[in-house]
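Here is a short briefing on one structure. Please keep the model open while reading.

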Amino acid sequence: MNTDGSDKKIIDEKAVASYWRANISLMIKLLFVWALVSYGFGILFRPFLDQFSIGGAPLGFWFAQQGAIYVFLILIVIYIRRMHAIEKQHGIADDEE
Amino acid sequence: MDANFWTWFFVIGTFSLYIGIAIWSRAGSTDDFYVAGHDVPPLLNGMATAADWMSAASFISMAGLIAFMGYSGSVYLMGWTGGYVLLALLFAPYLRKFGKFTVPDFVGDRYYSDTARTVAALCALFVSFTYIAGQMKGVGVAFSSFLGVPFELGVFIGMGIVFFYAVLGGMKGITYTQVAQYCVLIFAYLVPAIFISLMITGNAIPQLGFISDVKGTDISMLSKLNQVVTDLGFKAYTDNTKSTQDVFFITLALMVGTAGLPHVIIRFFTVPSAAGARKSAGWALFFIALLYTTAPAVGAFARYNFIDTVHESTYEVADAQDGAKLTPDWFKDWEQTDLVGWDDKNGDGKLQYLAGDENEVTVNRDIMVLANPQIANLPGWVIGLVVAGGLAAALSTAAGLLLVISSSISHDIGRKLLFKNMTDKQELRLARIAAGVAVVLAGMLGIYPLGFVAQVVAFAFGLAAASFFPILLLGIFDKRMNKEGAIAGMLVGLFFTASYIIKFKFFDGRPPADQNWLFGISPEGIGSIGMILNFSVSLVVSRLTPPPPQHIQDMVDEIRVPTGYQVGRVDDLPHAAE
């Protein structure tokens with residue numbers, strides 16, 4: 001029990017700072033890919049990428065209508081897994097998992 | 001069995017299921033009513049979020065919209081899915097850890113200000129009412145065009161059913177009904193999509209058919225489509241019909257707008273933990289992507305098939321010469337609903353579908369999904385299924401919005417602002433009354449649409465992008481952000497976005513209004529600029545004014561760690577030596 005009567009476990013500020021840094025760095029990498037596949041491949045570089053094709057679709061067009069969505073999904077899956085590992089590493093993995 | 005029988009069969013069957021779920025999951029407390037007791041499993045919450053998110057417009061209109069916009073339709077595909085990455089990484093786990101009921105709750109507490117709370121509550125109300133009117137109208141349209149029920153009666157039936165499970169069950173009832181509605185709508189969407197993909201490309205998976213060759217040839221479906229539409233004078237399907245910067249900013253506004261929509265955010269309050277919120281966002285995107293990656297395939301197939309069967313077809317069987325192409329039956333059936341039309345301008349008895357003035361065929365984009373079962377010659381029960389799917393999409397979204405409306409009134413404005421010593425029981429009663437009144441209002445908006453309802457959809461995303469997104473993000477990631485910065489940023493973002501949309505949507509809508517657009521950005525995409533303005537103003541103002549009080553900074557530390565933990569200095573703890 002804590003002073004405020006809750007039964008939450010208390011963690012150290014330093015561990016939190018290091019946990020937070022790891023989180024931010026992961027987040028920035030993932031958001032970079034997020035922007036690259038949509039705003040990059042799907043929009044800005046589309047005219048260039050359209051000279052290549054995937055199956056019967058121009059590549060830039062395919063990224064805008066299919067590929068970006070698949071990558072978004074993969075990004076969230078990586079995030080869920082990496083965050084779980086980061087939390088474990090800092091001793092704050094969620095008990096309710 | 002005819003289609004009418006099957007339509008009634010599926011509609012009555014699914015509606016009974018929703019009512020059954022509502023009775024089983026009655027809400028007993030405000031906790032149940034607002035956040036389903038915080039104990040919805042992440043996978044189920046993902047399904048519920050997908051149903052919540054995908055409205056009548058996603059189900060019925062999106063594929064058709066893409067069919068006619070081609071590449072430019074990608075703004076909806078990327079915009080309405082990319083927002084979930086932002087939700088998962090930036091909002092869901094932290095807002096869940098915060099552990100309250102509503103979005104204005106977070107804004108009011110984090111910025112220690114009732115002004116901020118009120119602005120947020122009013123925004124939430126405005127955005128939700130904008131959205132819900134379209135859903136109730138969709139229910140009325142589905143009933144009147146498929147079942148011959150008068151439009152108003154259709155809206156009343158929809159109101160009745162939503163009233164029943166939203167008012168009785170609150171978030172708990174809504175969540176489990178949405179899970180059932182997701183199953184109905186995705187099945188109803190995929191079955192015709194699979195058959196039409198098989199028909200055109202011979203590939204049963206629409207996402208693969210999309211990049212395959214036209215059946216029996218070695219030319220890809222998309223190149224064939226490009227060739228066919230350019231022959232008729234349209235721009236190539238895979239080419240952009242908007243400017244690049246407009247596509248960029250509309251996509252951005254839709255993405256951040258999605259991440260800032262209150263009815264989506266509150267779904268993540270219902271799972272048990274912060275990690276659960278992350279998982280749940282992943283499941284939500286998975287379930288949404290099933291439909292959103294199918295839609296562009298359906299759009300392209302439908303456009304191809306439409307031209308292939310309708311263009312240059314002979315209308316009257318008697319006029320047809322040997323080997324002439326006859327106008328398909330589904331075209332004639334749908335002519336009665338005015339979704340398609342034909343005006344034989346050159347009197348040759350054939351339908352010409354062209355880009356220029358000689359075009360004789362008018363076509364509503366919704367036909368692309370609605371007529372799919374007939375186009376693919378599917379049995380009558382598939383048509384019934386599509387109707388039940390469209391109703392499921394409309395009802396599930398309406399219910400989610402209803403909850404935001406009711407909680408904004410009973411919780412944010414009622415308990416937190418006006419009657420601070422209300423008991424839990426009184427608040428629950430107020431929430432139910434507010435939900436009831438909102439259902440009636442939404443139904444009225446569906447029956448008597450204000451002329452501008454269609455115009456204000458741009459508002460919902462623009463305002464969410466320019467108001468909620470920046471202040472939620474800064475509230476979590478910038479500890480120094482204070483009440484002055486947040487309020488100033490929110491007001492500037494709102495004012496700028498609202499005035500731009502009002503100027504171009506209501507006063508200056510006629511072409512060539514786009515010549516006056518700021519950086520060539522249409523009103524749909526202006527929320528992105530509003531968001532950037534909000535960020536800049538908040539950051540500058542907050543640095544010129546005092547930092548937030550210590551307990552607020554501690555609260556930010558708190559929401560950054562997973563559920564079940566609290567931040568402290570190890571030295572202060574009795575067991576520090578361990």
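Two topics follow: a pair of packed helices, and a pocket.

The model is predicted. In chain B, helix H3 (residues 42-53) packs with helix H13 (residues 274-292). The second largest pocket holds about 270 Å³ of space.

**Helix packing**

- The axes of H3(B) and H13(B) lie 7 Å apart, at an angle of about 45°.
- The crossing of H3(B) and H13(B) is right-handed.
- H3(B) makes the contact through B:Pro42, B:Leu43, B:Asn45, B:Gly46, B:Met47, B:Thr49, B:Ala50 and B:Trp53.
- H13(B) contributes B:Gly276, B:Lys279, B:Ser280, B:Trp283, B:Ala284, B:Phe287, B:Ile288 and B:Tyr292.
- By class, the contact of H3(B) with H13(B) has ten nonpolar, five polar and one charged residues.

**Second largest pocket**

- Residues lining the second largest pocket include B:Ala3, B:Asn4 and B:Thr7.
- Also in the lining are B:Ser145, B:Phe146, B:Asp333, B:Trp334, B:Gln336, B:Thr337, B:Gln374 and B:Ile383.
- Helices H1 (3-24), H7 (114-147) and H15 (329-335) of chain B each supply at least two residues of this lining.
- H1(B) gives the largest share of the lining, three residues.
- By class, the lining of the second largest pocket has four nonpolar, six polar and one charged residues.

Note on methods. Residues are numbered from 1 along each chain as its sequence is written. Chains are lettered from A and ligands numbered from 1 in the order in which they are written. This is a predicted model: local features need pLDDT of at least 70, side-chain atom pairs count only at pLDDT 80 or more; totals for chains, interfaces and linings use all residues. Side-chain values use heavy atoms; hydrogens and water are left out. Axes are lines fitted to C-alpha atoms, for helices over the stretch in contact, and angles run from 0 to 180 degrees between N-to-C directions. Helices (H or I, at least four residues) and strands (E, at least two) are DSSP runs, numbered from the N terminus. A crossing is left-handed if the near helix is turned anticlockwise from the far one by less than a right angle, and right-handed if clockwise. Contact means heavy atoms within 4.5 Å. Ala, Val, Leu, Ile, Met, Phe, Trp, Tyr, Cys and Pro count as nonpolar, Asp, Glu, Lys and Arg as charged, and the others, Gly among them, as polar. On a 1 Å grid over the protein atoms alone, a cavity is a set of points where a 1.4 Å probe fits but cannot get out, and a pocket is an open set with protein on both sides within 12 Å along at least five of seven lines; lining residues have an atom within 4 Å of a point. Grid points are joined across faces, edges and corners, and a volume is the space filled by probe spheres set on the points.
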